[in-house]
Amino acid sequence: MSYKKFLSSAATATLVASAIVPAASAATFTDVTDDNSHKVAIETLSEMGIVKGYEDGTYKPEKQLLRSNVVKMIGRWLETEGYTIPEDWNTNQRFLDLPVDFPDQELVKYAALVMDQGVFTGSNKKLLHNTNMTRSQIALVLNRVYEKLYGVSLVDLAEDIEDEVIEDMDDVFEDRKAAVQALRDLKISNVRKFQPNAPVTRAQFASFIYRTLQLNESDTETYTTEVKSVAAINVNTLQVEFTNAILNEASNLQQVKVYEKESGKALDSLTYTLSEDGKTLTITNNGFFNGEYEVVVPNDTVQAVKGFVTGYQQTVKVEAGVQTVQALTTTIDRNAKEAVLEFAINGSNEKASLAKLQEAGYQVEFQATKAVFADSSKTSATGVLAVKNQDFKYKVVIFKDGEVVAESAVVEVKSLDYSKVPTEITSFELQNDGVVLTSNVLTLNDAAPKIANVKGTLKNGKVDQPLSDITYSSSNPGVALIKADGTIELLSAGTTTFTIKAGDVQKSVTVEVKDATRTATTVTANTNEVKLVNGASTTVALTVKDQFGDPLKGYEIVGDAPVTVSTEETTPTAIATVAKNAETHGKVVTDEKGEAVVKVTALPANAKGVGNFAIKEGTTTLFTLPITVDEVGEVAYRKLELVDGEDLILDLNPLEKDQTLKVAYNQYNKAGYLIGKETLGDNKTYQIKSSDTNVITVSSNGTVTAVGTGTAKVQIFEGGIKVDELTVTVINTNPTLSTVTFNNDLKVTSSEAVTLDQWIKSVELTKDVEVSFDVNGSNDKEIIVYVETSSKANGYTVGSDILLGTISIASVDFALSGFDRVDSAKTYNLSDIQTSFSRGNNGQVVLVVKKAGSASALASTTVDVKVPAE
């Protein structure tokens, strides 16, 4: 294979090799959105079985990659290429810190495979499965895997390619530099600053594997894509057919050029659409074609699925003019800055270019039934509306040389508020007492069933927005009724379909109502086994589901009975206790997710053996947790670990309640049993520190607190030498101001108080949270826009609430009185803040909205003020 030829094509944007094109049935994850640059990689590898998601349907793309994750993904990759798991994987221990009876048996299995194949050898015979892998370590692993699979290393593959710049190559360890450079040269990594010691996220690693797989295309040299034909379909449309599929990316499609043959001028305002099979490219002219045109595919510029399309050029002749015209606009956004009536010609669905028609000698006239154009006119040559808050009808007439050549039918136009008009209902939740039910099963004993959290796409383009003015209906009222607020009244067993309607769109869900009581049928835990030494303790997270597979809320976990062990020769001996509650040891019941946490504590002395903690429903055992207790023994190794928190990512957004996590430097004996945690502090054997206190701070008890965005390391030192570390990432998902909409025709004609909602129609944020307003205590001509984070809702509090921006009022025509609060005992809305004007005030005031930290205005408007003197 000629790798040089292949890599010349790979030097462009992402190359999608035919062997790994995502299948239509590829898994999708709820947290991998369409705008995620790693989406194709994640879903393709999921379909191949190389990566997996979580039980809740998420992939957690930003979660940092652990060495255990890498072992599993590489192991599955090897399996797809025909490598098999060693027969002795569960009897022959490969790594010192990964016994064959380790709870995560999938990890043990794949650890044996990658070790035996020499692609993952560990560190000092240890796997260190709970530590992060750096980007430079990933480069080494990918280099080894590729050489194992395809007989040539990435380093060798990139040998004849001119090195791409890596700005921080000096930070790369010497033995990793060649692999890092190879990733950059082969386009597996696309960044100039590689950050060799930074952690890798699950999404990034998926893209690394995906791009590496793309290099293995053995038939690249013989695979050729050519232009099959070029034809004019109609006066608006050209069609180019290829022998093989090309990539459906806008920048790629636009490499196909259309030129006026006489002038040599390239046409703009073209729309490119690729067929589903990738072989037919449709080029639509927003005006129309009339004359001779050159359709050109420059050599080696149009990217095919493999390689490039061979260069091509053909002349196409189109003889046509305007034959028919169609009025297209049926709705307008009354709050839009500009609204223009649109039309199409000659049967096309694409809006026509007014400028192109005028260049061709045509005149266009828009005729309306109301005076909606400038100067209170009913006709316009541009279609630009001066009045947007009225319904009306219009038609389009096209002239040439004073003669009518085409006239459209009359079309009715509705004036709408696009921020309130849904175009699709995208999601909702069927709930019972706060539990989200995925089974679509309700029971007659359910306490509070309802449909909630209805969201959709709005006509202004915003997605995942809460919808209002919703109506509900039930297809079988004898089974269940549904009220205006979405609450459901269950009447009898049976099946009914609930229809959710918002505006002109609707969505339905069929629900089965059963005469039953929800009972626990399955219990799962976050671990398969607990191993402790005498006196040590740990927590176990449990999830309980009912007979329909839904989370079971309010299920009491019975604990506190001692876990015992016995043999034929001895009486039962207590070895551990399982407390009812990890913190208070009191009663614990599952929450709306069906989750609860218990604490397992090994007895302090003279207890040894294996026992079971069981959860039963009547005489049926739902769950058994093996608990092994052993003597403390000597400390064989220590490990810095996350002990409280979902992951090593913190968020400065106070609404997320994820500003802290807790780590511990844990002791383990040679069997891998937890002994306990080391005591940390300046005067202790081990000290704990933050590598960057501008990002995180770390207390001696292991509490890590977010300070600023970025990455920093929690580090353990012994005698001034760093012995372990964890990388923590701090993000900031605080909501920010996105758009502000003002009401139309703002005027003040009296000295009566004006509330802010009379001027401002809406204030929208980047996240779906409630916005509040307060008068600035030091400047009453300024309103503080914020998000309330406390439960007291008593106005803006510096350092606690989220500052979004300000709304200020100013005038050069007269003195302003400022703003006042209408009610001083709550979070303020637009209607809760007012201002007033004095008699004789005549001129304008300006409202300016700014984002927090920005000196420039996000939005502004003027208000005409003319208050009579008497």
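These legends describe close-up views of a predicted model.

**Figure 1. The whole protein chain, in overview.** The protein chain has 870 residues, and 46% of them count as buried. It contains ten helices and 53 strands. Along its principal axes, the C-alpha trace spans about 110 × 80 × 65 Å. The chain exposes about 42100 Å². Carbon and sulfur atoms supply 44% of that area. Now take the contacts with a separation of 6 or more: residues 24 or more positions apart account for 61% of them.

**Figure 2. The largest nonpolar core.** This core has 60 residues. Those with the most contacts inside it are I74, W77, L154 and F205. Which elements give two or more residues to this core? They are α2 (39-48), α3 (67-80), α4 (105-116), α5 (135-150), α6 (154-157), α7 (177-185) and α8 (202-213). Helix α5 provides the largest share, nine residues. A second, separate core has 35 residues, including V785, L804, F814 and V867.

Figure 3. Look at L154 and the residues around it. Setting aside residues up to four places away in sequence, L154 touches L142, N143, Y146, A182, L183, L186, I188, T212 and L215. One of these, N143, lies in helix α5. Is N143 buried or exposed? It counts as buried, because its relative accessibility is 13% and the cut-off for buried is under 20%. The side chain of N143 reaches the backbone nitrogen of L154 at 2.9 Å. Apart from neighbours within four places in sequence, N143 is in contact with S153, L154, V155 and A179.

**Figure 4. An open sheet of three strands.** The strands run in the order β3-β6-β7, and their pairing is antiparallel. Strands of a sheet pair through backbone hydrogen bonds. Which strands stand at the edges? They are β3 (257-260) and β7 (312-318). Each has a single partner strand, so one side of each is left without a neighbour in the sheet. The twist averages 25° from one strand to the next. Strand β6 (residues 291-297) pairs with β7 over seven bridges. Find E294, then look across: it stands opposite T315 in β7.

Figure 5. Strand β4 covers residues 270-274, and strand β5 covers residues 280-285. The two run antiparallel, and five bridges join them. T271 stands opposite T284 in β5. Between the strands of this hairpin there are five residues. G278 takes a positive phi near 75°.

Figure 6. L625 is found in strand β33 (residues 620-630). How is L625 classed, buried or exposed? L625 is buried, because its relative accessible area is 1% and buried means under 20%. Which residues does L625 touch? Not counting residues up to four places away in sequence, they are T527, N528, E529, V530, V540, G611, N612 and F613. Look at N528 in particular. L625 and N528 are 97 residues apart along the chain. Their C-alpha atoms are separated by 6.7 Å.

Conventions: Residues are numbered from 1 along each chain as its sequence is written. This is a predicted model: local features need pLDDT of at least 70, side-chain atom pairs count only at pLDDT 80 or more; totals for chains, interfaces and linings use all residues. Side-chain values use heavy atoms; hydrogens and water are left out. A nonpolar core is a set of buried Ala, Val, Leu, Ile, Met, Phe, Trp, Tyr and Cys residues joined through side-chain atoms within 4.5 Å. Buried means under 20% relative accessible area, exposed over 50%, partly exposed in between (1.4 Å probe, protein chains only). Helices (H or I, at least four residues) and strands (E, at least two) are DSSP runs, numbered from the N terminus. Contact means heavy atoms within 4.5 Å. Two strands pair if DSSP finds at least two bridges between them. Axes are lines fitted to C-alpha atoms, for helices over the stretch in contact, and angles run from 0 to 180 degrees between N-to-C directions. Accessible areas come from the Shrake-Rupley method with a 1.4 Å probe; for residues, only the protein chains shown count as cover. A polar contact is a pair of N or O atoms within 3.5 Å; within protein, one must be able to donate a hydrogen and the other to accept it, and residues adjacent in sequence count only if both atoms are side-chain atoms.
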